[in-house]
Amino acid sequence: ICLALAGGIFASVTYGIILNLVPMLQAQGMTLTAAAGLTSIMGIFVIGGRIATGYLLDRLPTRPLSIAVFVLPVIVCLVLWLFPGNSIAIMVAVALLGLATGSETDVVVYMIAQRFGRDIFATVLAVIMSVFALLAATGPLLAGSIFDQYDSYEPYLMIGIPLALLATLCIALVPDRPVAGADAGITV
């Protein structure tokens, strides 16, 4: 439950930002070209986050790494909210958003593999990914409807902070040891 909630809430917040990032930056006074240029760096950091997280998951304790990944959207929301229109701050926020997006699924799948047996891995993964998909779809809708109501993305960023903190708390609450009866994880 904690893995599903953590990943789903995380996806809701991050997808709400990602899919509204260009208009969000335009609302802060940036031109379309400047906003698109800044957001284009995200893809590089998504790939880098995926590779780095895979490497780090094999070498570091899972809990501190997962908490670090899940707290990144909090920083992204704070930077976008507190430094509107600041190109350097936005570059940092976009880079962190890319790292977070590239890392989150890796962390959750790794934790599923560690904690659940091979016999139920696919079922657990399917259920959790379904929750991800459902909640990920709500983030952009929420961000867009908030903008329509308030003519600003600031309220969405303000709501994103406690939601991302809740996702971080959920990932921190995932038990360390495997579920009773589960094997040691997935071996290839």
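## Helices α4 and α6

Helix α4 (residues 42–57) packs against helix α6 (residues 87–115) at an angle of about 40°, and their axes are 7 Å apart. This is a predicted model: local features need pLDDT of at least 70, side-chain atom pairs count only at pLDDT 80 or more, and totals for chains, interfaces and linings use all residues. Axes are lines fitted to C-alpha atoms, for helices over the stretch in contact, with angles from 0 to 180 degrees between N-to-C directions. Helices are DSSP runs (H or I, at least four residues), numbered from the N terminus.

The angle makes α4 oblique to α6. The crossing of α4 and α6 is right-handed: the near helix is turned clockwise from the far one by less than a right angle. On α4, the contact residues include Met42, Phe45, Gly49 and Leu57. On α6, they include Val94, Leu97, Asp106 and Tyr110. Contact means heavy atoms within 4.5 Å. By class, the contact has 10 nonpolar, nine polar and two charged residues. Nonpolar covers Ala, Val, Leu, Ile, Met, Phe, Trp, Tyr, Cys and Pro; charged covers Asp, Glu, Lys and Arg; the others, Gly among them, are polar.

## Aromatic pairs

There are two aromatic pairs. Rings of Phe, Tyr and Trp (its six-membered ring) pair if their centres lie within 6.5 Å; planes under 30 degrees apart are stacked, over 60 edge-to-face, and the rest tilted. Phenylalanine 10 and phenylalanine 70 form a tilted pair, because their planes stand at 55°, with ring centres 4.8 Å apart. Phenylalanine 10 lies in helix α1 (residues 2–18) and phenylalanine 70 in helix α5 (residues 62–82), so the pair ties together parts 60 residues apart in sequence. Phenylalanine 10 is buried at 2% relative accessibility. Phenylalanine 70 is buried too, at 0%. Buried means under 20% relative accessible area, exposed over 50%, and partly exposed in between (1.4 Å probe, protein chains only).

Phenylalanine 147 and tyrosine 153 form a stacked pair, 4.6 Å centre to centre with 20° between the planes. Phenylalanine 147 is partly exposed at 22%, whereas tyrosine 153 is buried at 7%.

## Aspartate 151

Aspartate 151 sits in the loop between α7 (121–150) and α8 (154–172). Its phi is near 55°, a positive value in a residue other than glycine. Most residues other than glycine have a negative phi. Aspartate 151 is exposed, at 62% relative accessibility.

## Numbering and atoms

Residues are numbered from 1 along each chain as its sequence is written, and side-chain values use heavy atoms, with hydrogens and water left out.

Notes: Helix = DSSP H or I, 4+ residues; strand = E, 2+ residues; numbered from the N terminus. Parallel < 35°, antiparallel > 145°, perpendicular 65-115°, else oblique.
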